[in-house]
Amino acid sequence: MDASTTITLPAPAKLNLFLHITGRRNDGYHQLETLFQFLDVGDRLRFQPRSDQQIELLDDSGIATDDNLVMKAARLLKHYAEQHQQPVTGVSIGLQKLLPAGGGLGGGSSDAATTLLGLRHLWQLSISDTELRQLALSLGADVPIFIYGQAAFARGVGEQFFPASPACPWYLVAKPNDLHIATAELFQHPDLPRQTASIDFADWYFANSHNDFQQLVCQRYPEVAKLLSWLLEYAPARLTGTGACIFGSFATEAEARAAHAQLPANCSAFVARGLNQSPVIDALANAAGAS
Ligand SMILES: C[C@@](CO)(OP(=O)(O)O)[C@H](O)COP(=O)(O)OP(=O)(O)OC[C@H]1O[C@@H](n2ccc(N)nc2=O)[C@H](O)[C@@H]1O
Ligand SMILES: Nc1ncnc2c1ncn2[C@@H]1O[C@H](COP(=O)(O)OP(=O)(O)O)[C@@H](O)[C@H]1O
């Protein structure tokens with residue numbers, strides 16, 4: 001495939017297999033320890049070069065174009081290219097949203113990362129992965145992991161990575177309908193635990209870790225507490241990120257689908273496989289190979 005032709009790329013979801021808050025920085029941002037893993041489910045983005053210089057976003061998400069992380073990422077990379085005297089073309093970006101916004105699955109962050117990666121390819125920009133991750137961090141704490149593209153333990157605000165190879169089970173990911181949790185609001189809550197002791201990642205396993213947001217989210221949103229109690233009857237289960245999604249891990253797809261079939265009313269869910277490499281990395285390698 002020629003770099004100037006249309007490309008379609010995935011923007012996978014992530015799970016936080018655990019999430020500890022170990023402190024707070026002077027600027028108010030929290031220091032975290034977490035383990036990121038990707039899912040084989042996510043949004044899709046299509047990048048089509050234009051003959052003018054416009055960046056156009058075609059999307060069905062209902063998010064205002066100027067607020068959309070896809071648009072922010074595209075403008076940021078265009079600005080970088082212009083500052084470094086690297087030519088760019090216009091582009092129409094089609095966003096197909098499948099992941100719930102504000103679900104703790106990092107959908108918006110993943111869309112932003114796929115935009116940075118897709119446009120670097122399309123525009124043939126000379127920018128290293130490290131620089132791209134720095135640009136990504138300015139869009140949000142969760143964006144760099146989707147550029148990194150490998151399952152990883154993370155420290156800092158979630159931007160210092162240590163490669164990991166957790167088991168890749170089948171997950172049932174579920175959330176109460178019509179529930180969006182505002183990440184910033186939860187981070188500011190006085191009852192949030194902020195002093196979990198730092199762990200040695202080599203000693204990590206699921207049962208000796210937790211998610212520091214889970215208790216607070218369950219208190220504030222009883223529908224999450226109820227859904228989590230239900231899922232725990234079937235599998236080890238936990239909140240991802242700041243929620244509202246929870247996940248349960250299963251040895252087989254059939255077991256995950258059997259639990260899905262019993263999903264309580266007023267909830268939505270999907271079954272997905274855990275992945276230790278982001279599918280966007282494979283898709284870009286294919287696109288580069290075909291150029
Ligand atoms: C909690 C996590 C765990 O992976 O995921 P989500 O639940 O959002 O998916 C992330 O740290 C979320 O990252 P992200 O959603 O990109 O957050 P940002 O846009 O950078 O920040 C939103 C707001 O959350 C707070 N924030 C975020 C990250 C952090 N380490 N400390 C913070 O205090 C800040 O108040 C910030 O203004
Ligand atoms: N392309 C996008 N997809 C989803 N949310 C977006 C997008 N662009 C901006 N946002 C904003 O980012 C917020 C967080 O989105 P998202 O990353 O999907 O959830 P979370 O941070 O809970 O994992 C949303 O509430 C939404 O307002």
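Trainee: What share of the contacts between residues at least 6 apart in sequence joins residues at least 24 apart?

Mentor: In this protein that share is 74%. A pair is in contact if the two C-beta atoms, placed from the backbone, lie within 7 Å. Before we go on: this is a predicted model, where local features need pLDDT of at least 70 and side-chain atom pairs count only at pLDDT 80 or more, while totals for chains, interfaces and linings use all residues. Residues are numbered from 1 along each chain as its sequence is written, and chains are lettered from A and ligands numbered from 1 in the order in which they are written.

Trainee: How do you know whether the radius of gyration agrees with a compact globule?

Mentor: The rule is 2.2 Å times the number of residues to the power 0.38, with the radius taken over C-alpha atoms. For 291 residues a compact globule would be near 19 Å, and the protein has 19 Å, so the two agree. Its C-alpha atoms fill a box of roughly 55 × 45 × 35 Å along the principal axes.

Trainee: What makes Pro-100 buried, exposed or partly exposed?

Mentor: Count the other C-beta atoms, placed from the backbone, within 10 Å: 20 or more is buried, 12 or fewer is exposed, and anything in between is partly exposed. Pro-100 has 19, so partly exposed is its class. Gly-102 also has 19 and is therefore partly exposed. Over the 291 residues, 38% count as buried.

Trainee: Where do Pro-100 and Gly-102 sit?

Mentor: Pro-100 is in the loop between strand E4 (90-96) and helix H2, and Gly-102 lies in that loop too. Helices (H or I, at least four residues) and strands (E, at least two) are DSSP runs numbered from the N terminus; the protein has 9 helices and 10 strands. Leaving aside residues up to four places away in sequence, Gly-102 touches His-180, Ile-181, Ala-182 and Ala-244. UniProt, in an unreviewed entry, lists residues including Pro-100 and Gly-102 under "binding site"; such annotations may be inferred rather than shown by experiment.

Trainee: Which residues come closest to ligand 2, and which element gives the largest share of its shell?

Mentor: A residue is near a molecule if its C-beta atom, placed from the backbone, lies within 6 Å of it. By that test 18 residues surround ligand 2, the closest being Leu-69, Ala-101, Gly-107, Gly-108 and Asp-111. H2 gives the largest share, 4 residues. Helix H1 (69-83) and H2 (107-122) each supply at least two.

Trainee: What makes the shell around ligand 1 one that draws on two domains?

Mentor: It takes at least three residues from each of domain 1 (7-163 + 279-290) and domain 2 (170-275), bounds that come from an automatic or database domain assignment. Of its 20 residues, His-30, Gly-140, Ala-141, Asp-142 and Gly-241 come nearest.

Trainee: How do you know how far apart the domains are, and how many residues of each are in contact?

Mentor: Taken over C-alpha atoms, their centres are 23 Å apart. On the domain 1 side, E1 and E2 are the elements that give two or more residues, and E1 gives the most, with 10.
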